[in-house]
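Hello,

Here is the structure I promised to pass on to you. Have a look at it first, and then read my notes below.

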Amino acid sequence: MIRVALGHRGTLVRGALAAVLARENDLDVVAEVDSSEDVLQVAGRRPDVFLIDPRLPGRIRTEELCRKLAGRGVLVLIDHEAIAATSLALVKQAPRIGLIATDATTDQLVQAVRDVAKGLPVVDVRLAVAALKAGDNPLTDRECEVLRQVMTGATAQEVARTLSLSAGTVRNYLSRILAKTGSRSRIEAIRKAHEAGWI
């Protein structure tokens, strides 16, 4: 029996993944969590495979989380439409960790979990190529988070509320983002960051 721990920020997606895996006779979902810290906590249950969302909330970044889980089976779900620097950092850890696209079929996902449990490499070639093309991201994780919020049309005050920051801190982040991307406006910064694959 392959014991699987799920770490995903979306309750609905996490539940759907658990349902897909639970249908298999040889797979047992032993934990469903929604933060990077919780993933480490369930490591004590000794899952064979950790299936992880790269944008999992928490103080521990996904790349660091994968390093902390060294020696365990780790499979990361990545949206190939939204390759970012985080993905590049994860691609550099392959084949020690597995990478699968979010548009994989359920059969491909199940097989990937089985392969990772056996210690076999699982790397979606499209993800690897797209991440390598994205290049190094000059923006920090927090700056990317702020820029993603701004993409939705949120004001600095709304971004501040969403991310539990002060409006002044958000404005400081935005100033740094404009400087790092060489942009004159938020819209230009969003366009450049999106085209470069940073957000």
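Which strands does helix H5 lie across, and at about what angle does H5 run to S4? Keep in mind that this is a predicted model. Helix H5, residues 106–117, lies across S1, S2, S3, S4 and S5, and its direction is at about 150° to S4.

Those strands make up an open sheet of 5 strands with parallel pairing, in the order S2-S1-S3-S4-S5. At the edges are strand S2 (27–33) and strand S5 (98–101), each of which pairs on one side only. From one strand to the next, the twist averages 25°. Within the sheet, strand S3 (residues 49–52) and strand S4 (residues 73–78) run parallel and are joined by 4 bridges. Phe50, for instance, has Val74 in S4 as its bridge partner.

Another helix to look at here is H1 (residues 11–22), which lies across strand S1 (2–7), S2, S3 and S4 and runs at about 165° to S2.

Then there is helix H9, residues 167–181. Its 15 residues reach 21 Å from the first C-alpha to the last, close to the 21 Å expected at 1.5 Å a residue. Ala167, Val170, Tyr173, Leu174, Ile177 and Thr181 are the buried residues of H9. They sit on the same side of H9 because they cover an arc of only 115° around the axis. Their packing partners are helix H7 (141–151), helix H8 (156–163) and helix H10 (186–196). Just after H9 comes Gly182, with a positive phi of about 65°.

Best wishes

Technical notes: Residues numbered from 1 in each chain as written. Predicted model: local features only at pLDDT ≥ 70, side-chain atom pairs only at ≥ 80, totals over all residues. Heavy atoms only, no water. Pairing = 2+ DSSP bridges. Helix = DSSP H or I, 4+ residues; strand = E, 2+ residues; numbered from the N terminus. Axes fitted to C-alpha atoms, helices over the stretch in contact; angles between N-to-C directions. Contact = heavy atoms within 4.5 Å. Expected span 1.5 Å × (residues − 1). Buried < 20%, exposed > 50% of the residue type's maximum accessible area, 1.4 Å probe, protein only. Arc of directions from axis to C-beta.
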